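Look through the structure below and follow the paragraphs in order. They go from a pocket to the molecule in it, and then to some details of rings and backbone.

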Amino acid sequence: MKIKRLLIFALFSVLAVVLSPVAHTVEPIQLPIQDWHFSGPLSTFDRASLQRGYMIYRRICAACHSMKHVAFRNLEAIGYSEEQIKAIAAEYMYTDGPDEGGNMYERPGLPSDYFKSPYPNHNAARAIHNGALPPDLSLIIKARHHGPDHVYGILTGYEAAPEGTALRAGQYWNRYMPGHIIAMMPPLAGNMIAYEDGTPQTLEQYARDVVTFLTWAAEPMLEDRKRAGMKVLLFLLIFTGIMYAIQKRIWAAVR
Ligand code: HEC
C-alpha cells in the first residue's frame with residue numbers, strides 16, 4: 001500500500017517537473033478591466049450604446065461573424081420600432097421554400113428571421129480566413145472568461161509584434177489574445193463609423209459599444225433577472241419586518 005502511494009507520488013513529481021516549463025511559458029494575461037454600465041446589481045443596459053453597438057456589428061463584424069441566435073424581432077428590446085425592424089430585415093435576402101413546384105426561392109428577410117450568416121457553412125468560412133474560423137458572436141461574451149473585458153481587450157489590443165515573433169500571413173499580434181497571435185485583422189479604428197449622437201468616434205468607444213451589444217445578445221434577460229432579484233429581496237425584507245412584529249406581539253402576550 002505504502003509503495004503504491006510512493007510510486008504515485010513519484011509519478012506526479014516527475015510529471016510536474018516535465019510539465020513545469022510549459023506552464024511557465026504561458027504568462028497570464030492582464031485584461032483591461034472596464035467599468036461596465038450593465039455590471040452593477042441594479043444597473044441596466046445603456047440603450048443608446050446598445051444601438052451604436054448593433055450598428056458596429058452590422059457594418060463591420062457581420063462581414064465575418066454570424067450571430068445565429070439573434071432574430072431581427074429581438075431588436076425591439078433595444079429600442080427599435082416594428083417599422084425599423086421590418087426595414088432592417090428586408091435589407092437581407094434569405095433562401096426559403098420549397099414552393100409548390102418544389103423549388104427553393106429567395107425572399108427579403110422578415111422580423112422573425114435570425115441574423116444572416118456571412119457564410120454558407122464552416123468550411124467556406126475557414127477557406128476565406130486561412131483556416132481560422134471566426135466564431136459565432138451570439139454567445140461569445142459567455143464563452144470567454146471575463147467576456148466583456150476579454151472582447152474589449154481583443155478589439156483594442158493590437159500592437160506591433162515584439163521583435164523575433166514570427167507571424168504568418170493573416171496573423172496579427174494582440175496583447176490580450178491567449179498566446180498573443182490572432183488571425184483576425186484589426187477590425188476597428190477611430191473615426192471609422194459616424195456617430196450621429198455626438199459620442200466620440202474613438203476605437204475605445206466603438207469597442208465599448210459593440211461589447212455592450214454583444215453582452216445584451218448573450219444575456220437578453222439580464223435586466224429581467226436583476227429586476228426579479230430586487231423584488232425577491234424587497235419581499236424578504238418586508239416579510240422579515242412582519243415576522244419581527246408578530247414575534248414581539250406574541251412574546252408580549254406571553255409575558
Ligand atoms: C475580416 C474578417 C473579420 C472581421 C471584420 C471581424 N472579425 Fe473577429 N475574427 C475573425 C477571425 C478570422 C477570427 C478567428 C481568429 C483566430 O482564431 O485566431 C476572429 C475572432 C474573433 C473573436 C474571438 C477571439 C477569441 O477570444 O478567440 C472575437 C471576440 C471577435 N473576432 C470579435 C469581432 C468583433 C466584435 C468584430 C467587429 C468589431 C470582428 N470580430 C470583426 C475575423 C473577423
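Of the residues that line the largest pocket, 24 are nonpolar, 6 are polar and 2 are charged. The model is a predicted one, and in it this pocket has a volume of about 820 Å³. Its lining is made of 32 residues, and those closest to the centre are His65, Pro134, Ile182, Ala183 and Met184. Two helices, H6 (residues 147-156) and H7 (residues 203-218), each supply at least two residues of the lining. The helix that gives the most is H6, with 4 residues.

What takes up the space of the largest pocket? The ligand does. Around the ligand there are 20 residues, and the closest of them are Cys61, Cys64, His65, His150 and Met184. His65 and Met184 have also been named above, among the residues closest to the centre of the pocket. Sorted by class, the shell around the ligand holds 16 nonpolar residues, 3 polar ones and 1 charged one. Helix H6 provides the largest share of this shell, 3 residues.

In the side chain of His150, an N or O atom is 2.6 Å from an oxygen atom of the ligand. Arg144 has a polar side-chain atom that lies 2.7 Å from a ligand oxygen.

The next topic is the aromatic rings. The model has 14 aromatic pairs. One of them can be worked through as an example. The ring centres of Tyr195 and Tyr206 are 5.2 Å apart and the ring planes stand at 80 degrees; planes over 60 degrees apart count as edge-to-face, so this pair is edge-to-face. The two residues are 11 positions apart and the pair links distant parts of the chain: Tyr195 is in the loop between strand E4 (181-182) and H7, while Tyr206 is in helix H7.

Two places in the backbone remain. Most peptide bonds are trans, and most residues other than glycine have a negative phi. Which form does the peptide bond from Gly97 to Pro98 take, cis or trans? This bond is cis, and its omega is near 5 degrees. Pro98 belongs to the loop that runs between strand E1 (93-96) and strand E2 (105-108). The other place is His146, which is not a glycine but has a positive phi of about 50 degrees. His146 is found in the loop between helix H5 (140-143) and H6.

How values were computed
Residues numbered from 1 in each chain as written. Predicted model: local features only at pLDDT ≥ 70, side-chain atom pairs only at ≥ 80, totals over all residues. Heavy atoms only, no water. 1 Å grid on protein atoms, 1.4 Å probe; cavity = no way out; pocket = protein on both sides within 12 Å on 5 of 7 lines; lining within 4 Å. Points joined across faces, edges and corners; volume = space filled by probe spheres on them. Nonpolar A, V, L, I, M, F, W, Y, C, P; charged D, E, K, R; others polar. Near = heavy atom within 4 Å. Polar contact = N/O pair within 3.5 Å; in protein donor to acceptor, adjacent residues only side chain to side chain. Sits in = over half its atoms within 2 Å of the grid points. Phe/Tyr/Trp six-rings, centres within 6.5 Å; stacked < 30°, edge-to-face > 60°.
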